[in-house]
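Welcome, and please take a moment with the sequence and the model before reading on.

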Amino acid sequence: MYLRLCVLMATIAYGTAVGHCQTPQAGTNQITFQSYTYSDFRQLLARETPAATITVRANLSFPEGAKDRYPAVVIVHTIGGYREANEGWASAELRKAGFATLTYDSFAARGTTGISTSWSAGIVSAVADAYAALRLLASEPKIDVDRIAILGSRLAVKWPI
């Protein structure tokens, strides 16, 4: 009986997770943007030369309803990395509400699956990526530059700052 209950719970949990996973929509464009890797916040805040320049692959997705310009949200992943069931689900829900969304994986751009160097370097690189993504959206003609936000785990910023 216990085994059957465990199997049933696992099946429900798996089905729920799969149900939230979204495949790229027809209105999704795969794009890239340039960002930087820094060794610490001091280096970023002092505007010193970054340790490396990184090309980040991203998905820019639009809602189904056609408009001239869309409000947009940059969705920053957690320290667990990009997960379709987390950031992908948030992106799908925001698109239903009429927002364009930009999702990306900071770790994949650096050839890792998580914060591998140090906590500080990983966080500062995530901040650099978020603002690089925001600058990219601000230059997109289909995006309303006065209505862009960054959203992530304990992070919400309205553009312009």
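A pocket is found on a 1 Å grid over the protein atoms alone: it is an open set of points with protein on both sides within 12 Å along at least five of seven lines, whereas a cavity is a set of points where a 1.4 Å probe fits but cannot get out. Residues that line a pocket have an atom within 4 Å of a point. Grid points are joined across faces, edges and corners, and the volume is the space filled by probe spheres set on the points. With that in hand, the second largest pocket here holds about 270 Å³ of space.

Please keep in mind that this is a predicted model, in which local features need pLDDT of at least 70 and side-chain atom pairs count only at pLDDT 80 or more, while totals for chains, interfaces and linings use all residues. Residues are numbered from 1 along each chain as its sequence is written, and side-chain values use heavy atoms, with hydrogens and water left out.

**Overall picture**

- The protein has 5 helices and 6 strands; helices (H or I, at least four residues) and strands (E, at least two) are DSSP runs, numbered from the N terminus.
- Along the sequence these elements follow the pattern α-β-α-β-β-α-β-α-α-β-β.
- Of the 161 residues in the protein, 35% are buried; buried means under 20% relative accessible area, exposed means over 50%, and partly exposed lies in between (1.4 Å probe, protein chains only).
- Among contacts with a separation of 6 or more, 70% come from residues 24 or more positions apart, where a contact means heavy atoms within 4.5 Å.
- The accessible surface is about 9700 Å², and carbon and sulfur atoms account for 59% of that surface; areas come from the Shrake-Rupley method with a 1.4 Å probe, and for residues only the protein chains shown count as cover.

**The second largest pocket**

- Its lining has 13 residues, and Arg-57, Ala-58, Asn-59, Tyr-104 and Asp-105 lie nearest the centre.
- Strand S1 (28–37), S2, S4 and helix H4 (106–109) each supply at least two lining residues, and S2 gives the most, with 5 residues.
- By class, the lining has 7 nonpolar, 4 polar and 2 charged residues. Ala, Val, Leu, Ile, Met, Phe, Trp, Tyr, Cys and Pro count as nonpolar, Asp, Glu, Lys and Arg as charged, and the others, Gly among them, as polar.

**Aromatic pairs**

- The structure holds 3 aromatic pairs. Rings of Phe, Tyr and Trp (its six-membered ring) pair if their centres lie within 6.5 Å; planes under 30 degrees apart count as stacked, over 60 as edge-to-face and the rest as tilted.
- Phe-33 and Tyr-104 form an edge-to-face pair, because their ring centres are 5.5 Å apart and their planes stand at 90°.
- This pair links distant parts of the chain, with Phe-33 in strand S1 and Tyr-104 in strand S4, 71 residues apart. Phe-33 and Tyr-104 are both buried.

**Helix H3 and its surroundings**

- The buried residues of helix H3 (residues 84–96) are Glu-87, Gly-88, Ala-90, Ser-91, Ala-92, Leu-94 and Arg-95.
- These buried residues pack against strands S2 (52–61), S3 (70–75), S4 (100–104) and S5 (143–152).
- Ser-91 has a relative accessible area of 4%, and beyond residues up to four places away in sequence it touches Ile-75, Thr-101 and Thr-103.
- Just after H3, Gly-98 takes a positive phi of about 100°.

**The loop between H2 and S2**

- Arg-47 lies in the loop between helix H2 (41–45) and S2, and its phi is near 55°, a positive value in a residue other than glycine.
- Arg-47 is exposed, with a relative accessible area of 77%.
- Thr-49, in this loop too, is exposed at 66% relative accessibility.
- Pro-50 also sits in the loop and is partly exposed at 22%. Leaving out residues up to four places away in sequence, Pro-50 touches Tyr-36, Thr-37, Tyr-38 and Gln-43.

**Asn-29 in strand S1**

- Asn-29 lies in strand S1 and is partly exposed at 38% relative accessibility.
- Apart from neighbours within four places in sequence, Asn-29 is in contact with Ala-58, Asn-59, Leu-60 and Phe-62.
- The C-alpha atoms of Asn-29 and Ser-61 are separated by 6.2 Å, although these residues are 32 apart along the chain.
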